[in-house]
Each structure stands twice: as structure tokens, then as C-alpha cells.
Amino acid sequence: MPPHMDPEEFRRAGHAVVDWIADYWSTLDARPVTSQDPPGTVAAALPAGPPTDGEPVEAVLADLDTVIAPGLTHWQHPGFFGYFPANTSGPSVLGDLVSAGLGVQGMLWATGPACTELETRMLDWLAGLLGLPERFHSSGRGGGVIQDSASSATLVATLAALHRASGGRWRDVGVDRRYRAYTSTQGHSSIEKAARIAGLGDDGVRPIEVDPETLALRPAALRAAIEADLAAGEVPTIVVATIGTTSTAAVDPLPEIGAICAEYGVWLHVDAAYAGAAAVCPELRWSHAGVEYADSYCFDPHKWLLTGFDCDAFWVADAAELVEALTVLPEYLRNAATESGAVIDYRDWQVPLGRRFRALKLWFVLRWYGVEGLRAHIRSGVALAAQLANRIRADDRFEMAAPHPFSLVCFRLRAGDEPSAALLARVNATGRVYLTHTRVGGRYTLRLAVGSPQTRAEHIDGAWELLRTTADSLLAEETPTR
């Protein structure tokens, strides 16, 4: 058996790995955004089993170059405009490296005091940075925790809401009544998944219609659904409102929704997975009006705030409700610090028991960029998206499909669904950019989301030129000649 990697060997190999990542980042612009190889290419290039004897790091890095990198979709590429950003940064990678090196398991305060206390402080920093209500700060009854994703945050919020709505019975006897969740027709699919896992089932989710212009949830429709369920003997349990819906970045009207939730005693969870990051800029905090009504709130620093996946920031207004719903304390986890009640055990704030030191990468990012650096990043994305939107509006062949309050632009060809779909396929096939699609008002719509720290004005210029010239060719093919 080869010897374990000692500190000096790790130092040498680590330098090589960091060099590889730096070279990768510096060559991203020259690579196709998406893999040009057919399915199965990477698998076919890998041996059937592991090596009998250990191999040097250099051999692994060589295969990264020849096997792995060509088979990637490059999410950090300046021409990656699909889905929502999922960007990292140098400070985040370094924080993750330290976390991996420490190998801390932070399930309890006792198993990693600094792991817990840094996380608590980082979530307070973030709450202040976003201008969130004081009730979400750890100095009061609330507080924050890092979940792996907004999907997990929605699930945890749903479980806490069930615990409240059932008066505590849910934890003991399970789902013994017809509990109901509400979200707009534009809400994220994770809401349905949370309802399934929690035992509500698909029928337990009430999709609420949206305003056809703003694509935001209609408060009157929410009130009507809640009243109908109450009349039928069902239990309104949780409303999930969205700041920045997945399809179009629509913003639900929180002041009206929050007032309805307060009136009927329904838990309000606010999902700001993508657009929450915008609130670091005071001029964009209009989107968070009414968040003071929320029982829980989350956003993803791993989307638009330069922190690598996985890092979802989740807050509750009353941490005791969450802990009461989720805590399980077997004998082998008992310890003096927990028994004292003076510490936070984050295992009680999430579904898994184990947790790694994710707060480190957030700490590195916040300290490296500072408040003004993060604001500059967000403002850059918003400005670049606005430049693209202006060009789309100026071209009669295109039309905007939705407002663009942040850095997502939704648009299509006026010629219809088939030409729009063909346009997306052709521009993506070039490997120069990568866009995704949705449907708005039933019509095929292209989505271009700006967020990579490597994306600059010239990349937006190039994307528009590619869209424009591809549309020229496409529409010329469809125009019959005389």
C-alpha cells in the first residue's frame, strides 16, 4: 500500500492542483461552453475499475485535461447564460479548500465550536447586508443556518409549518389531516417535492394564478383558495412566496401575501433563491418589501453572490419552532454543552445529521470582496442585462417576454414558437454561448441569465451579435423566394 500523503507531498500536489484550476479559469473563454461529445464519451474513456497500485497526482491531472474537462458544461464560462448563475470565485474555492483540509463535522456545537459560531455570525452578517428584519438575527428569537440548497430550505420550512399547524401533533402522529401548501403557478418545483416528502402529496399543493402582466401571485386568488380549503375542513399550512421566480424572475407581492398569512395564521416562507442576492444593493431592496411578514426566508449565495455550491442561507423568525419540529437526541449525541441550552446545535435546523464547515467559504468571500465589491458584482450583472434588453427592444423581429428587474432577460422571436426554439438550438450548437428556455403565457421563450464574474460587456455584445445573425439566417430560410 502506498504511504498516506504527508504534508510535504500534499503541499507539492496542492500547488499543482491550484495551478490547474487557475489555468482552467484563464482558458475558459477559448473553450466551448458545452461538451461537443456524444453521451457515453467520458464513461468509455474511463477504465473498468480502479488502479491496482496508486498513481501520482500528475496522472490524475492529465486525465482531467483529456477526459473530464472536454465532457463538461462550463458553468463558470463567460458565455454561460443558462438557468441561473451558479458561480464560484477564488476566495470561495480557497475557503472550501480549508474546510476540506480541516475535515470538521459540525453537527453539534461540541463537535466544532468555531464551525457553529462562525456560521451564526456569517448569517447575521448576511442578514444585515440584505437589510433583512431584525427578527431574523441571532440576537433575538430567530437566526440563520446554511442549508445545501433552497430546495432543502423549503422542505425544512414545510416541516416547521406542519408542526405549527398541527399544534405539535405532526411530530408524534404524522400527517393526520389534510394540510395544504400554496404557491404561485410560477413557484419552483422544489415546493411540490417538499410536499411529497412531508406527506402532503401533490394534491396538497394549491397552485395560485398569477397576474398575466407581472407573472406574480394574485393575492385575491390566494385568499379565495385559503377560504375554500377552510370551508372544506382542510388546514392551510404554508404559503411559499417567491422573490425572483425561476422562469422570469417575477416578484410576488409580499405585503399583501404577508397580511393574508398573518390573518389566517399561515406560515409564510419566502424563496429568494436567485434574486435575494440583489438586496445587497439598497436600490434593489424594493423587491423585499413585506419580508417582515415572513416566518422563514432563504436565498442562495451559491447563485449570484460568488460563493460556490452548496450554500443556501436560510433564516427563521423563531428558531425554537424549527428545533422543536426537527430535534432528535439519541444518547450518543448527548453532551454538556447541548444540555446547558447555551449553544446552537445546527443538526436540529436541517434534515441530515452531519454538516461540513460551509461558513468558511462564505467568510472568505465576504472578507475578500467586502460590501462594496459584492454590490459592484450585482450591479454589473443588472447593467449588462439591461444593455441586452435594450437591443432586443430595438429589433422588430424580437420581443421581450417579461420584465427584467435583475439580470435575467426573457425574450423570443415574434415569428413564433418554432423559430424561437430553432434559434436557441442553433446558438447553443455553436458552443460560444449557452441559453435555456421556458414558456411564458404558453409561448416558447428564451432565457439569458447574466451572473458570471468573468462575463463582461464584450461577451454580451458577442451573444447579441450571435443571436441577431442567427435570426437573420433562420428567418431568411423561412421566407419563400419569388
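Y83 is found in the loop between α3 (57–68) and α4 (90–102). The model is predicted. Y83 counts as partly exposed, at 42% relative accessibility.

A249 also carries a positive phi, about 65°, and is not a glycine. Its loop runs between β4 (235–242) and α10 (254–264). A249 is buried, with a relative accessible area of 2%.

From F309 to D310 it is cis, with omega near 10°. D310 sits in the loop between α11 (301–304) and β7 (312–316).

C311 is in no disulfide; the nearest cysteine sulfur, that of C298, is 12 Å away.

| Residue | Relative accessible area | Class |
|---|---|---|
| C115 | 2% | buried |
| C311 | 1% | buried |

**Nonpolar cores**

The largest nonpolar core has 69 residues. Within it, L126, L222, Y297, F299, W315 and I378 touch the most other members. Helix α5 (residues 113–130) gives the largest share of this core, eight residues. Apart from this core lies another, of 33 residues, including L155, A160, V235 and L326.

Which residues does I378 touch, not counting those up to four places away in sequence? They are A277, A278, V280, C281, L284, W304 and L305.

Notes. Residues numbered from 1 in each chain as written. Predicted model: local features only at pLDDT ≥ 70, side-chain atom pairs only at ≥ 80, totals over all residues. Heavy atoms only, no water. Core = buried A, V, L, I, M, F, W, Y, C linked by side-chain atoms within 4.5 Å. Buried < 20%, exposed > 50% of the residue type's maximum accessible area, 1.4 Å probe, protein only. Helix = DSSP H or I, 4+ residues; strand = E, 2+ residues; numbered from the N terminus. Contact = heavy atoms within 4.5 Å. Disulfide = S-S within 2.5 Å.
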